[in-house]
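Colleague: I have just opened this one and would like a careful walk through it. Could you take my questions as they come?

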Amino acid sequence: MAPPTREQAELPLLGMHCAACANRIERALNKAEGVEKANVNFATTRASVSFDPAITDPQRLREVVQKAGYDAIVQEPVEEENEGESTSLQDAENAAREAEYASQKRHFFIALALTIPVAVMAMGGHLFPALERVFNFPGRAWVELALTIPVLFWAGREFFVGAWSAARHRAADMNTLVAIGTLAAFLYSVVATFAPTLFAVPVQGHSGHQEMPSGVYYEVAAIVVTLILMGRLLEARARAHTGSAIRALMELGAKTARVERNGQELEIPVEKVRVGDLVWVRPGEKIPVDGVVESGQSSVDESMLTGEALAVKKEVGDAVIGATINKSGSLRFRATKVGADTVLQGIVRLVQQAQGTKAPIQKLADSVAGVFVPIVICIAIATFVVWFLFAPPENRLNLALLTSVSVLVIACPCALGLATPTAIMVGTGRGAQNGILIKGGEALESAQSLQAIVLDKTGTITQGKPRVTDILPANGFERDELLRLVASAERSSEHPLGEAIVRSAKETGLALVQPQHFESLGGRGIAATVDGKQLLIGNARLLRERDLNPDEVEATRLASEGKTPVFVAVDGKFAGIVAIADPIKPDSREAIEQLKALGLEVIMLTGDNETTAHAIAGQVGINRIFAGVLPDGKAAKISELQAEGKQVAMVGDGINDAPALAQANVGIAMGTGTDVAIEAADITLVKGDLRGVANSIALSRATVANIKQNLFFAFIYNVLGIPIAAGLLYPFTGWLLSPILASAAMALSSVSVISNALRLRAFQLERRS
């Protein structure tokens, strides 16, 4: 039975204001029928859901979110002629976010306008004693009440709605803390306003004991709500910057395309371009979709994809990528990938999925956030009881109320919830802007702790485009005839060395024939029949197995020059050697020096013999090599290193690298390689540049360091802030934290975490020297 198909949905979420909200939505989605796994990212306000499409769909997932008390944006079905789904969803999300921000802004400024007079009336007499009589006019409490009601129940309505929604689901979140704290101060003040003698405080006057009416705390409720609204507004602005990299990528694409249909040149929206269309691009224009050049010659700026400023020459047969910029000449190309299948949309999708994942380091924060609010409520109750029992009778109720409210409003689970995902958002976004695609938080965390890095030689250290350098016939064979026979046999081979031999024969103008028989001898070479002749082509071991004596002296000389000797036998007789070299990439040595500077042990892995391997390793500054490794033995070499207690990364680009990439703690695929290798990797380098490996590891280390800073701040803030708010310092210093200062600290704590994460946008990557 075939395994069930799985689909991935990215759901932008609305109405989520704290880490506890994210946890509640995540639990609801994970319990939903048909959902395999759901991750809710508080920083991106998105849910990444893997589900069985036969059981559920995005619309049903939205209903699950709505039942939890929130909402999600899903793509409405579109007609085929109105394709452009990702753009439509993005537009819907942008519109919803803008409307949400505009509403937050309106509520904050109206609350601020109403709160300022309340604060002036309540605190003006304390700040300016000479004006105390002016501010303490009869009926002042009634005016404060009238001004506070709209602040609390209109501007701050979301706190009470959110708290009620959480309560209905037997949960508590950030809204619960704010609602309880402000409502307690407000209700106390209302009772004190309507029945001033109920909370009257006995004082000693000139005529003996008197009852003094208790003060009101409308300013506490109003200022707390206003400051927290300000904090959410600042947080929304700061959070918008954390997603700027992904938005910049999405905006890179061309809006229109010039296509040739039925002999006519038409300018159409890029969403209308179909696979197979002929597309024209003039100098200075963006290439609209992915394709292959059919005519013309130009240079193309691919910096949006690779971070490399140098333009790349394009001619007939070369691939072009959508959203890159055509610089000099006109190009006519055939569209091969459009819409969601283009490289750009694939990068956007990969980065969004990466930002939706969680790093293992986040588990502690999630565990704390899950029980944080109930614990804070218990601490607030305990604070109220202790102050009420042990404070002086004349002001024990006031002190108990103010300290418990301070505890409620200073506590900030949001900072804990934002600490990890904001850093991952900015770090992965910064990487994507420079051609480094990191699959998620786990890859980031693993990459920062690497100790050894294994580089597959072909296509990683070398260009992956081997060429024939020497043809050394033996036993009477002619040079061209030897090359013709070997190239004819290799026509059925997919090995890079075989392809190099075929290419060399064609460049020489030799007429090749189809082999009558072909057999691949895994890891040793091939056996073939060409023009009735029996050929053996491969390494020295293959010929020795057939009791033949290859010229190993000449082979050793070639290998010492970094060339790979290919031995040839014809009809049971040694016929000569074809030497092949794969040129080393110009930046390989520099990149390897950068990896060493990061404290990594660099190891080269190759199927070449020891002599050739040492020659190439010496040219690029590598001291440790694994030579003569067959394709199916690469993963075993990675395991050997892991058995030494090392955290190992594997860098490769071929299909035979996929098992080793999967075995490594971190698999890094060169983007010039195969889809299979890229799928198995944790990090993909869009440009086949080895310096990207050092950059990706340095970026991972910077990101994880930023996460640790954020978590430290979030934990320390709460660990120190809550006891201070409860009055722990009062017996020693006489200090009590006002609920107003507590709410200001809470409002700014999340902003501080996000601002620290935003520093990653300035992370400098190494460029070509």
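Colleague: What is the bridge partner of Val570 in E23?

Modeller: In E23, Val570 has Lys573 as its bridge partner. Strand E22 (residues 564-570) and strand E23 (residues 573-581) run antiparallel and are joined by 7 bridges; helices (H or I, at least four residues) and strands (E, at least two) are DSSP runs, numbered from the N terminus.

Colleague: Before we go on, what sort of model is this, and how are residues numbered?

Modeller: This is a predicted model, in which local features need pLDDT of at least 70 and side-chain atom pairs count only at pLDDT 80 or more, while totals for chains, interfaces and linings use all residues. Residues are numbered from 1 along each chain as its sequence is written, and side-chain values use heavy atoms, with hydrogens and water left out.

Colleague: Which order do the strands take in the open sheet of 6 strands?

Modeller: The order is E18-E23-E22-E21-E20-E19, with antiparallel pairing, where two strands pair if DSSP finds at least two bridges between them. Strand E18 (467-473) and strand E19 (517-521) are the edge strands, each pairing on one side only.

Colleague: And which strands stand at the edges of the open sheet of 4 strands?

Modeller: That sheet has the order E2-E3-E1-E4, again with antiparallel pairing. Strand E2 (35-41) and strand E4 (71-72) are at its edges with a single partner strand each, so one side of each has no neighbour in the sheet. Strand E1 (residues 7-14) is joined to E4 by 2 bridges, and the bridge partner of Leu13 in E4 is Ala72.

Colleague: Changing topic, how many salt bridges does the structure hold?

Modeller: There are 26 salt bridges, each being a side-chain nitrogen of Lys or Arg within 4 Å of a carboxyl oxygen of Asp or Glu. One of them joins the side chains of Arg6 and Glu36 (3.2 Å, N to O). This pair links distant parts of the chain, with Arg6 in the segment before E1 and Glu36 in strand E2, 30 residues apart.

Colleague: Last one: at roughly what angle do the axes of H14 and H26 cross?

Modeller: The axes of helix H14 (residues 413-433) and helix H26 (residues 691-726) cross at roughly 165 degrees and come within 8 Å; axes are lines fitted to C-alpha atoms, for helices over the stretch in contact, and angles run from 0 to 180 degrees between N-to-C directions. H14 is therefore roughly antiparallel to H26, a term for angles over 145 degrees.

Definitions and conventions. Parallel < 35°, antiparallel > 145°, perpendicular 65-115°, else oblique.
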